[in-house]
Amino acid sequence: MSGKGMYIHIPFCKSKCKYCDFTSFISKFDERKKYIEALEKEMDSYNISGDEIETIFIGGGTPSVLEYELLESIFKHIKEKINLDSISEYTVECNPGTLSYEKLKLMKENGVNRLSIGLQAIQETHLEFMGRTHTLDEFIESFNLARRVGFKNINIDLIFAFYGQTLTDWEKTLDYIINLEPEHISAYSLIIEEGTVFWEKFINEEIKEIDEDKYIEMYRTTVSKLKDSGYSQYEISNYSKKGKQCLHNLCYWDGREYYGFGLGASGYISNIRYTNTTSMAEYIKKIDGGKKPVEFYERLKFLDVYNEKIMLGLRKNSGIKYSDLTLGLDITSEKKLKRLISEYVKKEYIIVENDNIALTQKGREVSNSIIVDFML
């Protein structure tokens, strides 16, 4: 892959999940309509050539919560701006209970070839605990409907290692999803983020973080079960059947360029990282005034690029090339890097093969601390 990615953010949801710190909120139709109109104008403000985009990802929030006419408008606009013949992967994030046959058919007819459906857990008590607004029955109805419409590349999002979840609960969730045979599974351990409902509960000691031993046990179970069922782990939290890796996420992890459109969206073009405002009023105002809704941008320095290579590259099972990592590195920093690699190889956290360094399975279990250790 060599083309750019394109991310489009839809910030609307039926309700706010208790663990969510993304830019998302509940809205009325008029606000959603005005936002889509502004989003289309923002896309027009960038000079994108017809065939430079290789992956599109419409995320949120919950893009599938949009009404048919608003989905139709954004799909039509993308089709007018982008040469869909050059697109390898076109994903829309969906939540159970917000999909219909008509919406799915519209997606399919407009070039969408991959869905990402959020389930998180199969136990109703856990869904309620997390603030999910759907049931397991609604999920399976949405999944089966997507298959019936003809989607042959579906990801299921799952969460594990949260307060109240047992290993048995997690095994049952994995077994249930494996039986459905989606092409891709994302399994994320819960992180209690500041500003969320869970954060308040954590501060007030109503919930606790899961202990590390239990997390590692759940993580090992995930890797083992999915491997035995034909899913290859290609990134710390992502597993796919052969040839079904998420190409858009690989765009991020490989450090390639991508556009970001919409409220709070980030992009990376010509070595410049930019992030849009998270204020809806400011977003609309800037676009109506003929300005880009960018709140922050920076030209990445060498250390920024290096640290991102470490942070993103080591998340992939394939790892990162040593020669790419040391390109432009001073002698002192390279000596430190060699020492760290040697130490972690002895601990069996890292494996070195020819010009490549990668985390071992043991290393992936404590990846965050290793990645921080490698940063300059």
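In this predicted model, helix 2 (residues 68–81) and helix 3 (residues 101–109) pack with their axes 10 Å apart and at an angle of about 5 degrees, and the two helices are therefore roughly parallel to each other, a term that applies to angles under 35 degrees. Helices (H or I, at least four residues) and strands (E, at least two) are DSSP runs numbered from the N terminus, while axes are lines fitted to C-alpha atoms, for helices over the stretch in contact, with angles running from 0 to 180 degrees between N-to-C directions. Helix 2 contributes Tyr68, Leu71, Glu72, Phe75 and Lys79 to the contact, and helix 3 contributes Glu102, Lys103, Leu106, Met107 and Glu109, contact being defined as heavy atoms within 4.5 Å. These residues divide into five nonpolar, no polar and five charged, where Ala, Val, Leu, Ile, Met, Phe, Trp, Tyr, Cys and Pro count as nonpolar, Asp, Glu, Lys and Arg as charged, and the others, Gly among them, as polar.

Residues are numbered from 1 along each chain as its sequence is written, and side-chain values use heavy atoms, with hydrogens and water left out. Because the model is predicted, local features need pLDDT of at least 70 and side-chain atom pairs count only at pLDDT 80 or more, whereas totals for chains, interfaces and linings use all residues.

Several backbone features are found in loops. A cis peptide bond, with omega about 20 degrees, joins Gly60 and Gly61, and Gly61 is placed in the loop between strand 2 (53–60) and helix 2. Ala161, in the loop between strand 5 and helix 6, has a positive phi of about 65 degrees although it is not a glycine; at 4% relative accessibility, Ala161 counts as buried, which means under 20% relative accessible area, with exposed over 50% and partly exposed in between (1.4 Å probe, protein chains only). Glu181, in the loop between helix 6 and strand 6 (184–189), likewise has a positive phi, near 60 degrees, but Glu181 is partly exposed, with a relative accessible area of 48%.

Tyr163 is located in the loop between strand 5 (154–160) and helix 6 (167–180) and, at 39% relative accessibility, counts as partly exposed. Apart from neighbours within four places in sequence, Tyr163 is in contact with Phe129, Glu206, Ile207 and Lys208. Between Tyr163 and Phe198, which are 35 residues apart in sequence, the C-alpha to C-alpha distance is 10.0 Å.

Notes: Angles under 35 degrees count as roughly parallel, over 145 as roughly antiparallel, 65 to 115 as roughly perpendicular and the rest as oblique.
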